Amino acid sequence: MQPRNMSMRGVVDLAAVKAAGEAAQKAEQARAERARRADAGEAPPAVQGSLVVDVTEETFEAEVVQRSAEAPVVVDFWAEWCGPCKQLSPILERLAEEYAGRFVLAKIDVDANQMLAAQFGIQSIPSVMAVVAGQLVPLFQGAVNEAQARQYLDQLVLVAEQRFGITGLAGASGAGEPGGAAAPAVPEDPTLAAAHDALDRGDLGGAIQAYRNVLSDRPGSEEAKLGLAQAELLQRVQDLDPQAVRKAAAEDPKDVGAQLDAADLDLVGGHVEDAFGRLVDTVGRTAGEDRDRVRVHLLGLFEVIGSDDPRVARARTALARVLF
């Protein structure tokens, strides 16, 4: 799996939860402190707290948002009555210990923390997301096996390192490479970096143009294609009235424009499978130019998530069934 598939820069922000900007700033400060310590030959600070924590509405900011400046925080939404949760949670807890600081597992009981569940838009459990430098990244819904969980976690760790310079909780037993040596930083293409920065600032027009400039020079740049798809998605939804869009989509399933807008809102809200399912169903209800318009839009949303994501693979199969 390529790390680009997890690179949801800006597509889902944490403003609905809180303090996203502050966490990103803390990530910058933490990176600067790590660099200073490395230059001075100082040992990294010891890890504070457990790698598996139970989080409440009162502790969310400290345990998730602030800690995400140092390590990716995987958020496991669960409940005592949920059978699949009881299968998944022990897997995630075991992997948190095995990964030894490369991510932190935050467990949220949805019954005891209904406000958090609502803010994250949790509709079914288990549901697993991640927070990296204050940015929310949807991971998966439903129980997965250990091998599948490792795929998601490996990809998350790579993106945290390569995109944000976040390498985990320094000093954790077994963290990083053998012998405690940190992986060398991967230099980022300055033109791509400028495009990413524009996207992070919310300068969507600037980001779109910057990604197009990269693609004019390097048409095969997968990272630029992904960034462009994300920036265009954000630009499409920024002026939408979510309530009006969802009302129109519910009242007329054949209203192609409403279904496309609703799917965009689904994706931005982290409901990836809902977005894909909506458009697959719309393809099945339409014909001619309308059908092709929906199909092309759905392929564009696949680009936002990445072709290696299992949800994309499932949606491609569903699309093929309704097309053929």
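This is a predicted model: local features need pLDDT of at least 70, side-chain atom pairs count only at pLDDT 80 or more; totals for chains, interfaces and linings use all residues.
1. **Salt bridges overall.** The model holds 14 salt bridges. Three of them are taken up below, with the place and exposure of each partner.

2. **R94 and E146.** These two side chains form a salt bridge, with the closest N and O atoms 2.6 Å apart. The link spans distant parts of the chain. R94 sits in helix α3, residues 83-99. E146 belongs to helix α5, residues 146-164. The partners are 52 residues apart. R94 has 42% relative accessibility, so it counts as partly exposed. E146 is at 25% and also counts as partly exposed.

3. **D266 and R278.** Here the N to O distance is 3.2 Å, again a salt bridge between side chains. D266 lies in helix α10 (residues 256-268) and R278 in helix α11 (residues 272-285), so the bridge ties together parts 12 residues apart in sequence. Is D266 buried or exposed? D266 counts as buried, because its relative accessibility is 5% and the cut-off for buried is under 20%. R278 is partly exposed, with a relative accessible area of 23%.

4. **R295 and D292.** This salt bridge has an N to O distance of 2.6 Å. Both residues lie in helix α12, residues 288-305. They are 3 residues apart, about one turn of the helix. R295 counts as partly exposed at 26% relative accessibility. D292, at 37%, is partly exposed too.

5. **A network.** Salt bridges with shared partners join R94, E98, E146 and R150 into one network. The R94 to E146 bridge of point 2 has both its residues in this group.

6. **Geometry of α10 and α11.** How do the two helices run relative to each other, and at what angle do they cross? Their axes come within 7 Å and cross at roughly 160°. That makes α10 roughly antiparallel to α11, because angles over 145 degrees count as such. The crossing of α10 past α11 is left-handed.

7. **Contact of α10 and α11.** On the α10 side, the residues are Q259, L260, A262, A263, D266 and L267. They meet V272, D274, A275, F276, R278, L279, T282 and R285 in α11. By class, the contact has 8 nonpolar, 2 polar and 4 charged residues. Both partners of the bridge in point 3, D266 and R278, are in this contact.

8. **H297.** This residue lies in helix α12. H297 counts as buried, because its relative accessibility is 15% and buried means under 20%. Which residues does H297 contact, leaving aside its neighbours within four places in sequence? The contacts are R236, L260, D264 and L279. Of these, L260 and L279 also take part in the contact between α10 and α11.

9. **R293.** Helix α12 also holds R293. R293 is partly exposed, with a relative accessible area of 45%. Not counting residues up to four places away in sequence, R293 touches V256, G257 and L260. R293 and G257 are 36 residues apart in sequence. In space, their C-alpha atoms are 9.6 Å apart.

10. **L260 in both lists.** L260 is among the contacts of H297. L260 is touched by R293 as well. On the α10 side, L260 is one of the residues that meet α11.

Definitions and conventions. Residues are numbered from 1 along each chain as its sequence is written. Side-chain values use heavy atoms; hydrogens and water are left out. A salt bridge is a side-chain nitrogen of Lys or Arg within 4 Å of a carboxyl oxygen of Asp or Glu. Helices (H or I, at least four residues) and strands (E, at least two) are DSSP runs, numbered from the N terminus. Buried means under 20% relative accessible area, exposed over 50%, partly exposed in between (1.4 Å probe, protein chains only). Axes are lines fitted to C-alpha atoms, for helices over the stretch in contact, and angles run from 0 to 180 degrees between N-to-C directions. Angles under 35 degrees count as roughly parallel, over 145 as roughly antiparallel, 65 to 115 as roughly perpendicular and the rest as oblique. A crossing is left-handed if the near helix is turned anticlockwise from the far one by less than a right angle, and right-handed if clockwise. Contact means heavy atoms within 4.5 Å. Ala, Val, Leu, Ile, Met, Phe, Trp, Tyr, Cys and Pro count as nonpolar, Asp, Glu, Lys and Arg as charged, and the others, Gly among them, as polar.
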